[in-house]
Amino acid sequence: MADALYRFPEGFLWGTATAAHHVEGNCNNSWSHWENLENGIIYQNQKHGIAVDWWGGRWREDFDRMHYLGHNTHRLSIEWSRVEPQPGVIDEAAVRQYREMLEGLHERGIRPMVTLHHFTNPMWLEDEGGWVVPSVVDRFQRWTEIVVEHFGDIIDLWCTFNEPMVYAVQAYLVGFFYPGKRNPWKMYQAAEMLLRAHAVAYQVIKEKYPQAEVGLAKHIVIFDTIWPHFINRGPVWLARRIFNQAFLDALATGELRLPLRKRVMLPDITNTLDYIGLNYYQRYRGGFSPTAPKTFFLTQTPDPESPPSPPMWGEIYPQGTFEVIKNMWQKLRKPIYITETGTPDFGDDVRRWYIAMAVREIWRAVNFNIPVKGIYYWTLMDNFEWIAAYNPQFRFGLYATDFETQARTIRRSGELYRAISLANGLSSEMVREYVPELTERLFQGEPGQSEVNRSS
Ligand code: BGC
């Protein structure tokens with residue numbers, strides 16, 4: 001039988017994403033402080049330790065793995081606390097190592113996308129008041145200048161912030177990240193500072209490198225109500241507004257509007273995106289629960305047909321990918337990179353299905369003329385996962401990592417993603433081989449659930 005192919009445009013970027021604290025190890029001047037408090041928030045009070053040992057040199061073998069996977073891009077972050085361990089003090093050895101790593105990517109034909117802030121802050125910045133004091137914007141400006149000065153010649157794709165609203169919520173609303181605050185006003189304040197810092201960073205990069213592509217990675221969650229009853233709509237509306245929409249609206253209009261807060265005008269923020277990054281993983285189908293303030297008074301009830309997911313993760317729902325891409329495009333009209341998508345799956349039972357579904361959804365967007373330019377699967381290999389630490393339920397890797405020996409073993413899902421990347425598309429043969437249960441759905445015209453029009 002002739003092979004059918006969901007083909008992607010020439011030059012499409014295929015890769016994975018990582019962040020410094022997940023992979024480098026021995027990052028002892030930032031998030032480790034939170035780990036060392038042993039306050040019971042992190043799974044079994046675990047520490048990141050050597051993680052997957054990139055700082056010890058294993059980045060080389062892992063960059064070779066990216067090459068084996070047929071990748072032409074990789075998203076990574078530069079750890080602020082390593083390069084600027086004290087205010088205004090540069091660690092030259094760290095600069096050398098990052099340069100070597102970035103050059104190592106280029107040598108393998110892999111274009112780096114560099115994130116300037118992926119959830120971690122130097123402790124000196126936390127001591128100054130973290131993301132709720134206005135001086136943080138100047139601090140971030142200086143940090144961006146440092147990165148531009150030392151690495152700007154070998155980076156042309158920049159991501160200022162990873163999931164700024166997730167960071168603001170985790171650090172200042174639900175208390176899962178340092179400084180562990182539970183205060184909505186501080187969360188709002190942090191959101192404003194993050195927007196201001198993004199705008200300043202954009203200008204710093206573009207001034208020196210006008211051709212560079214600069215954007216940020218925005219996490220979108222699909223929030224749905226289960227019962228269309230007024231009592232459930234309120235918290236779902238609130239979650240969408242705060243989590244999904246406020247930040248994007250501010251980037252589009254220059255006005256930050258958050259519930260119960262005076263609107264803030266940020267005229268400098270418009271026109272500070274060359275692209276928008278989308279991090280998409282899951283859906284929460286919710287009902288109102290007065291006893292769940294940590295989750296915006298929502299309890300979630302996944303569709304019984306969906307694969308099982310770990311606690312607090314929400315519903316594994318690649319079927320929503322097209323819908324969120326479309327909404328983002330309609331709001332911003334900017335090129336889109338899928339800066340993260342993936343699923344936790346220790347046994348690799350669900351990941352092949354997830355990847356095939358997500359890739360097909362992204363292909364639909366491309367074929368509706370939405371300029372999606374690349375996909376970064378989260379993540380290359382199992383690594384340290386924030387408050388889930390090394391909890392086996394939160395393994396996202398295309399490669400399994402044995403944390404005792406540091407051995408990596410490719411999973412079947414890794415082989416599937418490799419085949420897709422090398423072919424620049426998803427073929428019926430791949431689906432028959434790796435996810436036979438999807439053959440009919442993906443190659444015989446059955447409409448997916450995501451064709452139902454809904455706003456996220
Ligand atoms: C974050 C990653 C994280 C991943 C899986 C994303 O929201 O950017 O740092 O590991 O989700 O939880």
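Trainee: Where does Gln97 sit, in which helix?

Mentor: Gln97 is part of helix 5, which covers residues 92–107. Keep in mind that this is a predicted model.

Trainee: Okay. Is Gln97 buried or exposed?

Mentor: Its relative accessibility is 17%, and the cut-off for buried is under 20%, so Gln97 counts as buried.

Trainee: And what does Gln97 touch, leaving out residues up to four places away in sequence?

Mentor: Trp54, Trp55 and Trp59.

Trainee: What about Gln141, which helix is that one in?

Mentor: Gln141 is in helix 7, residues 135–151.

Trainee: Switching to the ligand. Which residues come nearest to it?

Mentor: There are 13 residues around the ligand, and His118, Asn162, Glu163, Glu385 and Trp386 come nearest.

Trainee: What distances do you get from the ligand oxygens to polar side-chain atoms of Glu385 and Trp378?

Mentor: For Glu385, a polar side-chain atom is 2.6 Å from a ligand oxygen. For Trp378 the value is 3.3 Å. Asn162 has a side-chain N or O atom at 2.8 Å from an oxygen of the ligand.

Trainee: How much of the ligand's area does the protein bury?

Mentor: The protein buries 94% of the 310 Å² that the ligand exposes when taken alone.

Trainee: Now helix 8. How many of its residues are buried?

Mentor: Nine of nine, so to speak mostly covered, over residues 164–172. Among the buried ones are Pro164, Met165, Tyr167, Gln170 and Tyr172.

Trainee: And what do the buried residues of helix 8 pack against?

Mentor: Strand 4 (111–117), strand 5 (157–162) and strand 6 (213–225), plus helix 6 (123–127), helix 9 and helix 10 (230–253).

Trainee: Last one, the largest nonpolar core. Which residues touch the most other members?

Mentor: Trp131, Ile336 and Val372, out of 155 residues in that core. Helix 9, residues 184–208, gives the largest share of this core, with 13 residues.

Trainee: Why would nonpolar side chains end up together like that?

Mentor: In soluble globular proteins, nonpolar side chains tend to be buried together.

How values were computed. Residues numbered from 1 in each chain as written. Predicted model: local features only at pLDDT ≥ 70, side-chain atom pairs only at ≥ 80, totals over all residues. Heavy atoms only, no water. Core = buried A, V, L, I, M, F, W, Y, C linked by side-chain atoms within 4.5 Å. Buried < 20%, exposed > 50% of the residue type's maximum accessible area, 1.4 Å probe, protein only. Helix = DSSP H or I, 4+ residues; strand = E, 2+ residues; numbered from the N terminus. Contact = heavy atoms within 4.5 Å. Near = heavy atom within 4 Å. Polar contact = N/O pair within 3.5 Å; in protein donor to acceptor, adjacent residues only side chain to side chain. Areas by Shrake-Rupley, 256 points an atom, 1.4 Å probe, with all protein chains shown as cover.
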